[in-house]
Amino acid sequence: RFSRLSRGFALRPPPSTVAAHSTVMAAADLGGAVGRRRWRSAAPLRCWSRGKSAEPYSRYDPLHAKHGPAAETYVPPATEARIRSLQQQIGKAHAAGKYDEARLAAAECRELALSHFGPDHPVSASAVNNLALVHRSLGERARATALYREALVLYRRSVGAEHQSTATVASNLALLLRDSSVATQPAAEGATGEDGELGGRGWTGESSADGATRGGGGGGRGGGEDGVAGGGLANGGGGAAGDALQEARSLLEGAISTRRRLMGETHPEVSLGMAQLATVLRAQGDLGAASDLLERATEQLDASRFAAEAQAGEGAKVTARLGALLAGALNSLGLLRKQQGRFAEAQSLYTRASSLYDTCTSTSSPDAVVCRHNLAELALAAGDETRARAIQLDIVRRVEAGTERSAAG
């Protein structure tokens, strides 16, 4: 998934300063790359204003053609045009699951951006973030972690710590640390996956550190239970795994704080961050705090979706995206209730989440399948093997139907 950018910057440089930035695809990892999230809050960044300065643009903004004053006359230098072309190649290859192809393009884009714009520039930070995403999708977590750390440093230096893009990359790094720490512990139910993020990976080439392309960015969806983050999470003990979880918690708390200041307490991005933080708390064994966060996130996402449906101007994609995010939070809360032994509540939550996924994504989407799997596991835990078998057969039919549609399309 790609990372997203918020509208405008939190900090503005002098009028004579001009900065370019490619869009960041939102990388929100709440649990499973929930569909392609697309609400306007994570729209492409706008350029810093030139004010009344007559200085020419010293750097090309990929969005300048749409938003800048010289939209119809400016021609980007060859290097900048190449960077823009590579960003498009990365997005298409990543969306198609061609991760090796995406890696080559992302590596070239990073080198060009760093040499042309320098390290203290958001385009460079975006290029590094995108390369991290691709390595994460390839399962190369150590390399992805190092690149996310680099991207976070570059964003802090170029746009500041209190910026949506910085928060997005911090979330990307936190979710990767969480998933990596879980992978080093004894497997919990369905522990796997990575974009289990209830939301997607952060892509920064167009849209989001918040989800650019649907299935990728997760390091593989795997068969985890937790639609939010990848899979059932084991309790985080001490040692390296415990340290990684604590760092992930700190990063997510900072990202949520930033988004609250920039977007408001009830914005979907804040709710998503809360749900992501809950998965870390659950991994640390703090089920009470995780439950409180998930309940609040679910209530806020439900209200956001209701409000979106009530507004005539809202598009179907916005409502679907919010519905998918809500489904991810419900699925995660269902998993938590199961761990608490509250099976009836878990079944109700899973059932609603499954219905939302079917409506907002597709019946064969990874998130929908994982949620159905959770229902089957719950039935087995309750001793209802007949129901569990029926759900498992339904999953097989869903996957086969999805494969046939992909082959036909």
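Tutor: Take helix H9 (residues 287-310) and helix H10 (residues 316-339), whose axes come within 9 Å and cross at roughly 155 degrees. The model is predicted: local features need pLDDT of at least 70, side-chain atom pairs count only at pLDDT 80 or more, and totals for chains, interfaces and linings use all residues. Residues are numbered from 1 along each chain as its sequence is written, and side-chain values use heavy atoms, with hydrogens and water left out.

Student: What are the helices and the axes here?

Tutor: Helices (H or I, at least four residues) and strands (E, at least two) are DSSP runs, numbered from the N terminus. The protein has 13 helices and 3 strands. Axes are lines fitted to C-alpha atoms, for helices over the stretch in contact, and angles run from 0 to 180 degrees between N-to-C directions.

Student: How are H9 and H10 oriented to each other, roughly parallel or roughly antiparallel?

Tutor: Angles under 35 degrees count as roughly parallel, over 145 as roughly antiparallel, 65 to 115 as roughly perpendicular and the rest as oblique. H9 and H10 are therefore roughly antiparallel.

Student: Is their crossing left-handed or right-handed?

Tutor: A crossing is left-handed if the near helix is turned anticlockwise from the far one by less than a right angle, and right-handed if clockwise. H9 and H10 cross in the left-handed sense. Their contact divides into 13 nonpolar, 7 polar and 5 charged residues. For these classes, Ala, Val, Leu, Ile, Met, Phe, Trp, Tyr, Cys and Pro are nonpolar, Asp, Glu, Lys and Arg are charged, and the others, Gly among them, are polar.

Student: At what angle do helix H11 and helix H12 pack?

Tutor: H11 (residues 343-360) and H12 (residues 366-381) pack at about 155 degrees, with axes 9 Å apart. That makes H11 roughly antiparallel to H12. The crossing of H11 with H12 is left-handed. Contact means heavy atoms within 4.5 Å. Residues making this one include Phe 343, Tyr 350 and Tyr 357 of H11 and Cys 371, Leu 375 and Leu 378 of H12. By class, the contact has 10 nonpolar, 4 polar and 3 charged residues.

Student: At what angle do helix H2 and helix H4 pack?

Tutor: The angle between H2 (residues 78-95) and H4 (residues 122-137) is about 25 degrees, and their axes are 12 Å apart. That makes H2 roughly parallel to H4. H2 passes H4 in a left-handed crossing. Ile 83, Ile 90 and His 94 of H2 meet Val 123, Leu 133, Val 134 and Ser 137 of H4. This contact has 5 nonpolar, 2 polar and no charged residues.

Student: Is Tyr 155 buried or exposed?

Tutor: Buried means under 20% relative accessible area, exposed over 50%, partly exposed in between (1.4 Å probe, protein chains only). Tyr 155, in helix H5 (residues 141-158), is buried, because its relative accessible area is 0%. Its C-alpha lies 6.1 Å from that of Pro 122, 33 residues away in sequence. Of the protein's 409 residues, 56% count as buried.

Student: How does Gln 392 count?

Tutor: Gln 392 belongs to helix H13 (residues 385-408) and counts as partly exposed, because its relative accessibility is 30%. Leaving out residues up to four places away in sequence, Gln 392 touches Ala 376 and Leu 380. The C-alpha atoms of Gln 392 and Ala 376 are 6.4 Å apart, at 16 residues along the chain.
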